[in-house]
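Colleague: I would like to learn how to read a structure of this kind, feature by feature. Could you take me through it?

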Amino acid sequence: MIVSRRRLLGMGAAGAGGLLLSGCDRLNQSEAVRQGLAGAEGLTMRAQRLLVGDALAREFTEAEMSPDFRVNGSSRVEDSQYRRLLASQFAGWALQVGGLVHRPLALGLDALKAMPQRTQITRHDCVEGWSAIGKWQGPQLGAILTQAGLLPQARYVVFHCADVLDGKPYYESIDLIDAFHAQTILAWRMNDAPLSEGHGAPVRLRVERQLGYKQAKYVMRIEVTQTLAGLYGGKGGHWEDLRGYQWYAGI
Ligand SMILES: Nc1nc2c(c(=O)[nH]1)N[C@H]1C(S)=C(S)[C@@H](COP(=O)(O)O)O[C@H]1N2
Ligand SMILES: [Mo]
């Protein structure tokens, strides 16, 4: 954490307000986000982001990796098609990329592995009060989105997952600032081994400046959208819809 939420809020509206104008224009165009930004949470998000800018989340050394990285939320996917794909090590599987793009893509694991790879050792922080340091590898999400080509109306990237949790399909979303951040990757490898089912095989999102629940596992489809309204519960993510967690979970 570079600047704590408390410190930012302590700056007050006047102090933080001056920071808010540049860089956030595209956020302002969505009604849902504009409403969110009206409150203290929105103020915190914008101030935090502009202070942090493109800064990288802290990266750790091999020696600092946690011996145990727990599985949280879904640990198994019941969907029968997923179970067949898992049994074949995802041989016939392809990540779908669509929505507001010029060229919809279907990328198999081989295609994802053939792209330039990023490896990062980072700390995962779950709101439930645990954290763990692990190593993640995969292509940058930005490179995938660039390959697909975003249409001008594109604002959000939605991750549709294979699992159902508490009776609802899991999903998550981020905006383009986080989507094109250098450490935002689609990880297929964790701690030097292919992702296990528990940790989100075949691929999961790593968006390192946000909390654990944003790190979508079992990503089957990526959809680029203009708004989050009308998708699932409309709040941009599983826990956001079900438990009122914040959509922007910056740390
Ligand atoms: N598809 C999916 N993604 C998910 C979850 C989930 O249940 N399903 N749980 C989230 C939560 S709350 C956390 S803390 C992390 C846990 O990741 P891990 O199981 O690899 O530790 O995944 C997040 N992504
Ligand atoms: Mo979590």
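Colleague: How many Å is a nitrogen atom of ligand 1 from an N or O atom in the side chain of D163?

Modeller: That distance is 2.7 Å, and it falls under the heading of a polar contact, which is a pair of N or O atoms within 3.5 Å; within protein, one must be able to donate a hydrogen and the other to accept it, and residues adjacent in sequence count only if both atoms are side-chain atoms. Before going on, note that this is a predicted model, in which local features need pLDDT of at least 70 and side-chain atom pairs count only at pLDDT 80 or more, while totals for chains, interfaces and linings use all residues. Residues are numbered from 1 along each chain as its sequence is written, chains are lettered from A and ligands numbered from 1 in the order in which they are written, and side-chain values use heavy atoms, with hydrogens and water left out.

Colleague: Which other residues have polar atoms beside ligand 1?

Modeller: H199 places a polar side-chain atom 2.6 Å from an oxygen atom of the ligand 1 molecule, and Q215 has a polar backbone atom 2.9 Å from a nitrogen atom of ligand 1. The protein covers 100% of the 530 Å² of accessible area that ligand 1 has on its own, where accessible areas come from the Shrake-Rupley method with a 1.4 Å probe and, for residues, only the protein chains shown count as cover.

Colleague: How should I read the shell, and how many residues surround ligand 1?

Modeller: A residue belongs there if one of its heavy atoms lies within 4 Å of the molecule. Here 23 residues surround ligand 1, and the closest are R70, S74, D163, H199 and K217. The shell divides into 11 nonpolar, eight polar and four charged residues; Ala, Val, Leu, Ile, Met, Phe, Trp, Tyr, Cys and Pro count as nonpolar, Asp, Glu, Lys and Arg as charged, and the others, Gly among them, as polar.

Colleague: Which strand gives the most to the shell around ligand 1?

Modeller: Helices (H or I, at least four residues) and strands (E, at least two) are DSSP runs, numbered from the N terminus. β5 gives the most, with three residues, and both β3 (117-126) and β5 (156-165) supply at least two residues each.

Colleague: Is E240 buried or exposed?

Modeller: Buried means under 20% relative accessible area, exposed over 50%, and partly exposed in between, with a 1.4 Å probe and protein chains only. E240, in helix α9 (residues 238-243), has 1% relative accessibility and therefore counts as buried, and its side chain is joined to that of K214 by a polar contact of 3.1 Å. D175, in strand β6 (residues 168-175), is buried because its relative accessible area is 2%, and a polar atom of the D175 side chain lies 3.1 Å from the backbone nitrogen of I177.
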